[in-house]
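Biologist: I would like to learn how to read the contacts between chains in a model. Please take the features one by one.

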Number of protein chains: 4
Amino acid sequence: MRNEGKIGVWLIGALGSIATTVIIGALALRKGLTGPTGMLTETPPFDGVSLTAVENLEFGGCDVRREDFIQAAWHLSRATGAIAPQLIDSLQEELSAVAPYIVMGTACNCGEAIGQLAGGNATGKEQSLRDEIAGARACIQRFKEEKELRDVVVVNLASTEPPLDLQEAHLDLSALNVALDRNDTAAACASTIYAYAAIEEGCPYINFTPSTGALFPAIVHLAEKNGVPVMGSDGKTGETLVKSALAPMFMCRNLDVLSWEGFNILGNMDGSVLNHPKNCESKIRTKDQVLAKILGYTPHSRVRIDYVPSLDDQKTAWDFIHFRGFLGAKMSLQFIWQGFDSILAAPLVLDLVRLADLSKRRGESGLMPHLASYFKAPLGVSEHRLYEQYEMLMDYVRQVKNR
Amino acid sequence: MRNEGKIGVWLIGALGSIATTVIIGALALRKGLTGPTGMLTETPPFDGVSLTAVENLEFGGCDVRREDFIQAAWHLSRATGAIAPQLIDSLQEELSAVAPYIVMGTACNCGEAIGQLAGGNATGKEQSLRDEIAGARACIQRFKEEKELRDVVVVNLASTEPPLDLQEAHLDLSALNVALDRNDTAAACASTIYAYAAIEEGCPYINFTPSTGALFPAIVHLAEKNGVPVMGSDGKTGETLVKSALAPMFMCRNLDVLSWEGFNILGNMDGSVLNHPKNCESKIRTKDQVLAKILGYTPHSRVRIDYVPSLDDQKTAWDFIHFRGFLGAKMSLQFIWQGFDSILAAPLVLDLVRLADLSKRRGESGLMPHLASYFKAPLGVSEHRLYEQYEMLMDYVRQVKNR
Amino acid sequence: MRNEGKIGVWLIGALGSIATTVIIGALALRKGLTGPTGMLTETPPFDGVSLTAVENLEFGGCDVRREDFIQAAWHLSRATGAIAPQLIDSLQEELSAVAPYIVMGTACNCGEAIGQLAGGNATGKEQSLRDEIAGARACIQRFKEEKELRDVVVVNLASTEPPLDLQEAHLDLSALNVALDRNDTAAACASTIYAYAAIEEGCPYINFTPSTGALFPAIVHLAEKNGVPVMGSDGKTGETLVKSALAPMFMCRNLDVLSWEGFNILGNMDGSVLNHPKNCESKIRTKDQVLAKILGYTPHSRVRIDYVPSLDDQKTAWDFIHFRGFLGAKMSLQFIWQGFDSILAAPLVLDLVRLADLSKRRGESGLMPHLASYFKAPLGVSEHRLYEQYEMLMDYVRQVKNR
Amino acid sequence: MRNEGKIGVWLIGALGSIATTVIIGALALRKGLTGPTGMLTETPPFDGVSLTAVENLEFGGCDVRREDFIQAAWHLSRATGAIAPQLIDSLQEELSAVAPYIVMGTACNCGEAIGQLAGGNATGKEQSLRDEIAGARACIQRFKEEKELRDVVVVNLASTEPPLDLQEAHLDLSALNVALDRNDTAAACASTIYAYAAIEEGCPYINFTPSTGALFPAIVHLAEKNGVPVMGSDGKTGETLVKSALAPMFMCRNLDVLSWEGFNILGNMDGSVLNHPKNCESKIRTKDQVLAKILGYTPHSRVRIDYVPSLDDQKTAWDFIHFRGFLGAKMSLQFIWQGFDSILAAPLVLDLVRLADLSKRRGESGLMPHLASYFKAPLGVSEHRLYEQYEMLMDYVRQVKNR
């Protein structure tokens with residue numbers, strides 16, 4: 001369980017808001033320009049846990065857009081108002097050192113919306129699936145060698161893909177391999193390629209997106225076989241976070257939730273892609289199951305995500321919760337959440353990278369259920385209450401310390 | 001631990017909105033006119049726990065106002081819109097049977113606001129403290145005898161008194177007795193008299209108000225000595241309930257709460273009394289400590305309670321929570337809670353009565369920390385997180401079942 | 001301009017929430033059980049204007065549902081909580097006298113959602129358009145004769161129909177007549193039939209719904225020809241009312257509205273019908289044009305209407321307005337509107353009936369632009385600012401008084 | 001009515017957020033770095049009105065704090081997030097040219113809160129009132145001479161003073177002069193000194209604060225006598241702006257406003273000073289009269305202003321409006337306003353300076369009622385409806401153009 005050397009963080013969607021914030025944040029932390037607010041791995045319960053220091057993280061990744069990384073950082077600062085331009089200024093050199101390690105990605109089967117982002121640059125049509133996987137592996141290998149990294153963790157931060165129709169190839173590893181050999185494009189999309197490649201390279205893989213192509217059962221099986229820890233899906237950063245904190249309250253008071261209506265508006269690239277109904281469907285699926293799991297019954301509920309360009313990275317959600325109490329009286333709770341999507345997500349990504357690396361060093365493989373609190377749809381975990389999920393992580397930490 | 005016969009519920013402030021709702025609700029449940037929504041003691045975890053049935057509860061109490069109980073019920077229905085007039089209609093007979101057991105109470109040292117409510121009717125000036133206590137005991141005795149009750153639980157639902165300055169007499173039981181003998185009016189107010197009387201009569205006592213006169217250390221000592229369970233203070237029904245559910249979320253994400261500003265508006269008698277700064281002070285004290293206890297630090301916070309007559313029983317709260325995340329970015333969460341004060345409180349009172357009766361039958365005495373989730377300022381408990389408090393209750397229930 | 005005798009109010013959708021509230025309200029006013037809050041025609045500016053008294057209004061109408069009117073009134077009272085059951089009780093006799101005048105209506109070309117409401121009862125398939133019109137006229141005639149009415153005003157309060165594709169038959173009266181003769185069902189739906197019938201009977205017609213089938217140019221031409229005043233469309237009761245009051249503020253301060261996102265949730269029959277995308281389309285069209293007309297430019301905007309059954313008649317809207325001020329700074333205004341749909345609409349209907357009757361007595365015909373403030377999409381009026389529209393009405397009133 | 005040469009803008013409270021934003025904004029406009037969003041004088045209705053160009057405004061002023069102006073600008077940028085640091089960077093030279101013209105002001109009778117700000121630097125105790133006035137006049141004269149200004153407009157942007165008790169000296173000019181001669185300190189505070197000095201120097205004076213010491217009747221009389229236009233009080237920028245736009249809606253629908261509860265939280269210097277009850281009193285007085293004037297009756301209302309440091313310049317207001325409609329049903333409208341105080345105020349100041357200069361060139365003197373829309377408590381104007389006030393300005397503009 002040695003914790004020496006540097007580890008690499010390979011970000012899929014590396015020019016997006018979250019990835020850019022992850023990199024800026026880690027570099028700022030390394031230089032002592034900011035603190036670790038938002039990172040759980042820097043709180044007292046983790047004292048004494050052998051985590052790789054943020055200073056020892058190196059960044060690279062891929063994106064389907066052809067854009068200058070430094071420009072992406074400046075754009076993010078201007079658009080959000082949440083990242084001071086002075087910070088970008090003072091990280092100019094460090095950011096420039098990351099830029100060469102951001103390469104072209106694949107938009108294979110990602111739907112029209114993501115295809116448009118790629119603007120014809122991305123791979124995804126001309127190559128076979130096996131070639132795509134080989135290409136993705138090569139990128140990770142080169143990154144690892146050139147940077148002399150002990151290990152690489154792969155995190156999917158790309159825009160949401162349309163949902164993949166689950167077929168036999170997704171449930172059984174050998175069926176998946178046959179489908180890949182046959183170049184059956186219905187069996188895989190970009191997130192599948194990245195996950196497959198990462199696991200074959202022995203890299204822990206985190207699916208921070210709701211894309212269902214990444215961690216279906218056959219891929220989880222591959223991870224188990226290869227001794228690689230993986231986890232997902234869909235980082236829990238905003239409305240769903242509040243939902244998973246608030247919904248148990250109604251249970252603790254035996255109040256009947258009649259309706260829980262959630263309206264999300266946001267304006268970044270993610271919002272633009274989610275404006276496409278097919279891509280949005282994946283997202284809403286992962287958000288929608290939380291309530292029923294927590295309450296034990298299914299109230300009327302709705303999750304809408306609408307694109308409002310002027311908001312840029314500032315996500316705003318209004319939730320209206322209608323509930324019934326004693327003597328049948330109807331009452332309501334509303335909340336309004338206003339947060340920066342990337343600012344909320346980035347520290348979770350750094351936590352997940354460090355915890356995935358820890359899992360790998362501890363010899364764990366397959367799903368990491370102790371990371372449930374980070375995800376809207378935690379794979380293999382039916383617990384959706386935030387505090388119970390948090391306790392699952394604390395239990396894991398205690399267990400790590402006791403070994 | 002027999003559970004036969006009827007138990008009495010002696011409500012202080014029996015003409016107020018909460019007490020009236022408690023009685024209407026229990027009678028409606030008894031007749032099968034409504035369900036137990038809002039009562040935790042009727043949820044599956046309590047299956048198999050030997051609780052007194054709601055059908056076996058008999059109601060009485062006292063109030064400083066001279067008003068007809070049936071009129072109070074009609075007024076409540078009209079004012080809130082939450083209790084159907086048809087319900088009052090169909091409970092006419094049962095309500096009339098309760099009316100004779102609502103007697104005049106004491107307004108001793110309750111401050112000007114409550115004195116005005118009493119309109120000169122209430123006792124509190126002409127009698128000695130010892131006489132007041134004797135009078136309160138006699139009321140309970142008569143209720144118990146006439147109704148042939150196995151036991152009586154006393155619940156304080158009266159308007160909030162001004163805070164009592166804690167002196168030696170409040171910390172030490174013998175000092176308290178000396179002060180009472182000396183008729184030292186600085187040592188006791190109405191809530192003290194009721195608590196003392198209840199405990200001397202062997203009745204469990206629940207302080208559902210924030211009044212600090214009820215359960216100071218000397219009184220708790222008296223309860224321990226007499227083998228009587230007691231608990232308080234201040235029923236957690238609205239803004240503070242949400243606060244205790246939400247605040248841990250910020251801890252689970254290592255987000256810095258900068259400011260938590262709460263603005264409450266309400267229009268019932270409780271609101272009118274709280275419009276008096278001294279009475280309000282008691283309330284705000286119990287609401288204000290929750291955050292610091294949960295977060296481990298003290299953000300800027302404010303709790304305002306303002307009287308808005310047009311709202312009647314409908315309590316509305318707006319909370320603005322300003323927090324800082326990664327890279328120092330400031331974000332916010334707001335919530336708006338709109339609920340009927342009495343509707344939210346009444347099922348908690350029924351739960352507390354049944355659980356206090358259970359404790360007495362089990363031979364417990366003094367504070368009941370397992371009831372922390374019901375209170376804004378749970379005596380003897382430093383845990384303010386709602387779910388942890390709920391788990392404390394579940395642990396107790398499991399322990400009861402295993403005996 | 002005599003103002004004697006009774007006038008009839010023929011309500012299309014007579015069993016719906018708004019119609020039921022109109023009738024209950026008028027009967028309660030007649031008996032002195034309520035006041036005229038919400039009715040502009042009872043405010044001081046109308047003193048001295050010869051309006052038909054509310055006492056002289058008689059009610060009848062049609063609906064595609066077969067439901068008992070008294071039951072509909074009770075249901076409304078229970079569902080909304082806004083109409084006291086005591087009121088229904090004390091109007092039992094008067095309501096019973098209205099019930100026989102509520103007859104079966106037509107669901108001709110109203111789309112699937114309304115067809116389902118009708119449950120096969122309504123006419124609309126088996127008869128020719130000319131027969132439908134004749135049938136509708138016969139209903140009005142019978143009502144007028146039996147009740148000995150001076151005049152009848154027809155108000156469309158039915159559920160929203162899918163939008164009608166405007167064709168030549170809708171723009172030119174003779175083309176419309178040819179189409180009706182040919183029984184061209186693409187040319188007319190239920191609202192067309194009612195409007196045509198009303199105008200032929202000399203009855204002023206108010207389109208309180210967004211249905212586009214009622215007052216297209218050929219019908220307005222018919223009204224002008226027959227000397228009948230008509231007006232519409234879509235009563236302005238909630239979110240759009242606030243919008244038309246607030247949007248001018250941004251103009252008065254030269255602030256740039258970037259986005260205006262409106263989310264409406266409601267749970268009555270209207271909401272259920274609007275849950276069908278085609279019916280909703282008509283509604284959103286009338287709501288959506290307000291902003292551009294007031295601001296002079298088109299910000300990003302969205303109007304969503306979602307069905308939340310638990311809300312019944314209580315309409316809740318959250319609007320998020322993002323705007324830019326000096327130095328490009330982005331700021332926001334949000335509002336939350338919680339009102340009872342029918343309670344807000346009913347007094348407007350009573351106003352409109354009285355003002356339409358006044359117009360007819362004054363010999364006006366065709367559109368009534370002075371009624372613009374009552375509508376989301378006032379026909380023939382480009383002014384959408386609420387206060388300017390209100391001044392148009394005041395100007396009219398002054399002119400009436402000066403004659 | 002010539003419009004040549006430069007005019008000076010003498011800002012009282014020149015280091016405060018609003019003044020700093022005014023100066024930054026005007027300089028940025030001059031350099032073409034920003035647009036005039038938020039300024040009404042740059043909208044089409046003002047085309048053809050001979051207003052002094054923003055390029056021809058020169059800035060100076062005084063403050064009771066001893067702080068570097070450039071530092072104040074940087075601080076504002078950091079604190080608010082609404083003014084880009086790049087902007088400050090690119091105006092470095094221009095801001096430096098303003099700095100020497102910001103001199104020490106007087107804190108005479110401004111109360112303890114402002115006294116603390118001054119930290120002993122400001123004048124106000126050692127000098128006589130007549131000397132203070134002479135000193136203030138000398139500052140303006142020097143500014144005018146050194147900058148070769150055609151005219152100077154004085155704008156009070158200082159923190160709110162405690163309310164002045166109106167005495168005879170405030171109602172009658174000769175009584176005021178006697179009081180000043182006698183050095184009667186109860187007759188004048190800092191805002192009086194500035195107003196008196198400005199008017200004696202022939203400078204139009206704008207009271208953008210709620211301080212009542214500035215434009216009491218005797219001072220207005222002095223302005224009339226000296227041919228100087230003046231106006232106030234209290235810039236209408238946030239909650240009250242929305243209130244004056246929304247309240248007429250209830251009148252246009254004959255809805256009864258039962259309660260209008262407004263809760264303001266803000267965190268800048270202004271908020272800190274308003275945290276002192278006496279200073280807050282002045283503010284709340286000007287905000288509180290708006291409703292009664294618009295509605296014609298006085299609903300239950302409350303205006304609270306609370307200091308929340310973490311908000312800095314971002315003002316947030318929650319207003320809860322409870323109203324009654326048809327059949328007595330209670331409904332509600334809530335709004336949440338989130339804006340930058342200084343960003344909202346600064347363009348109004350630029351408008352007011354230009355319009356006051358125009359008035360002076362047109363030979364107007366005393367109050368300028370056509371500027372009512374800019375103020376919470378427009379002196380000499382009982383119209384509080386925003387749109388009517390806006391029309392008053394438009395009428396004035398038309399009249400100016402027609403001359």
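Biologist: Which residue of chain B forms a salt bridge with Arg302(D)?

Modeller: A salt bridge here is a side-chain nitrogen of Lys or Arg within 4 Å of a carboxyl oxygen of Asp or Glu. Arg302(D) forms one with Asp306(B), where the closest N and O atoms are 3.6 Å apart. Between chain D and chain B the count is six salt bridges. Note that this is a predicted model, where local features need pLDDT of at least 70, side-chain atom pairs count only at pLDDT 80 or more, and totals for chains, interfaces and linings use all residues. Residues are numbered from 1 along each chain as its sequence is written, chains are lettered from A and ligands numbered from 1 in the order in which they are written, and side-chain values use heavy atoms, with hydrogens and water left out.

Biologist: Which elements give two or more residues to the side of chain D that touches chain B?

Modeller: Elements are DSSP runs numbered from the N terminus: helices (H or I, at least four residues) and strands (E, at least two). On chain D they are strands E7 (256-266), E8 (300-307), E9 (314-324) and E10 (330-340). By class, this side has ten nonpolar, nine polar and six charged residues. The classes are nonpolar (Ala, Val, Leu, Ile, Met, Phe, Trp, Tyr, Cys and Pro), charged (Asp, Glu, Lys and Arg) and polar (the others, Gly among them).

Biologist: How much area do chain D and chain B bury between them?

Modeller: The size of an interface is often given as the accessible area lost when the parts come together. Buried area is that loss (1.4 Å probe), summed over both parts. For chain D and chain B the value is about 2100 Å², with 57% on carbon and sulfur atoms. In contact (heavy atoms within 4.5 Å) are 25 residues of chain D and 25 residues of chain B.

Biologist: What is the area buried between chain A and chain B?

Modeller: About 4800 Å², of which 68% comes from carbon and sulfur atoms. This contact takes 59 residues from each of chain A and chain B.

Biologist: How many bridges join E10(A) to strand E10 of chain B?

Modeller: Two strands pair if DSSP finds at least two bridges between them. Seven bridges join E10(A) to E10 (residues 330-340) of chain B, and the strands run antiparallel. Trp337(A) stands opposite Leu333(B) in E10(B).

Biologist: What rotation superposes chain A on chain B?

Modeller: Copies are superposed by least squares on the C-alpha atoms of residues with pLDDT of at least 70 in both. Chain A goes onto chain B by a rotation of 180 degrees with 0.0 Å of shift along its axis, at RMSD 0.0 Å. Phe335(A) is the residue of chain A that comes closest to the rotation axis, at 2.0 Å (C-alpha). Of the interface residues of chain A, 100% are also interface residues in chain B, so the copies meet through the same surface.

Key. Buried area is the accessible area (1.4 Å probe) that two parts lose on being put together, summed over both.
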